[in-house]
Amino acid sequence: MSSVKQEVESASVAIRPMHELDVPVVVDIERAAYQFPWSEGIFRDCLRVGYVCRVVEADSALAGYGIMSVGAGEAHILNVCIADEYRGRGLARRVLVYLLERARASGMHEAFLEVRPSNTAAAHLYKSMGFEQVGVRRGYYQAAAGREDAAVLRRLLLPDAK
Ligand SMILES: CC(C)(COP(=O)(O)OP(=O)(O)OC[C@H]1O[C@@H](n2cnc3c(N)ncnc32)[C@H](O)[C@@H]1OP(=O)(O)O)[C@@H](O)C(=O)NCCC(=O)NCCS
């Protein structure tokens with residue numbers, strides 16, 4: 001186990017709003033995580049339009065982020081990403097629990113997200129959080145060879161659900 005991972009096991013974890021000043025670090029994490037990353041402009045737009053943009057800190061280091069839109073009774077989880085050296089320690093689950101609770105408290109009845117079927121880590125995470133596949137968006141994602149479908153997942157947000 002790397003020393004960073006050993007430290008994270010005992011790290012204090014906090015979720016706080018993302019600020020403009022966080023965007024360069026967020027973009028670095030995004031570029032390292034995805035073959036087709038969001039641009040810096042997309043993150044700035046998410047902040048500007050008032051999406052729920054949060055970062056997760058482990059011992060004050062920015063370790064990842066989550067972005068969600070809410071409206072018309074639905075929450076859409078748009079991005080959840082954890083820096084490679086902080087993975088496998090429950091941080092993505094913490095971010096998702098936070099976002100779903102926030103959506104539920106805002107009166108949303110259900111949450112949706114898209115995931116690449118090839119992204120097994122994310123698919124396991126979402127399934128373990130109660131998401132179920134409700135559809136497919138054909139050719140939704142860029143891929144090395146052409147396009148890749150997205151699985152559309154949904155979870156109900158019952159008043160007493162976590
Ligand atoms: C997917 C991702 C967010 C998971 O972050 P993480 O902090 O490592 O996840 P957690 O430690 O909270 O793990 C929660 C659950 O996710 C699943 N999971 C995480 N990593 C996994 C892996 N490598 N293989 C299989 N399942 C995995 C497991 O169900 C795990 O639960 P468990 O620990 O009880 O088995 C992270 O790998 C990541 O940022 N990937 C790149 C960006 C991305 O693909 N985001 C999702 C876009 S839809």
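Biologist: Which element gives the largest share of the shell around the ligand?

Modeller: The largest share, 6 residues, comes from α5, where helices (H or I, at least four residues) and strands (E, at least two) are DSSP runs numbered from the N terminus. This is a predicted model, in which local features need pLDDT of at least 70 and side-chain atom pairs count only at pLDDT 80 or more, while totals for chains, interfaces and linings use all residues. Residues are numbered from 1 along each chain as its sequence is written.

Biologist: How many residues surround the ligand, and which are the closest?

Modeller: A residue is near a molecule if its C-beta atom, placed from the backbone, lies within 6 Å of it. Here 19 residues surround the ligand, with Arg-87, Ala-92, Ala-121, His-124 and Leu-125 the closest. At least two residues of the shell come from each of β4 (74-82), α4 (91-105) and α5 (120-128).

Biologist: What is the order of the strands in the sheet?

Modeller: Strands of a sheet pair through backbone hydrogen bonds, either parallel or antiparallel. Two strands count as paired if DSSP finds at least two bridges between them. In this model, 7 strands form an open sheet with mixed pairing, in the order β1-β2-β3-β4-β5-β7-β6. Its edge strands, β1 (13-17) and β6 (132-142), each pair on one side only.

Biologist: In which sense do β4 and β5 pair?

Modeller: Strand β5 (residues 110-115) and β4 pair in the parallel sense over 4 bridges, and Glu-74 stands opposite Glu-110 in β5.
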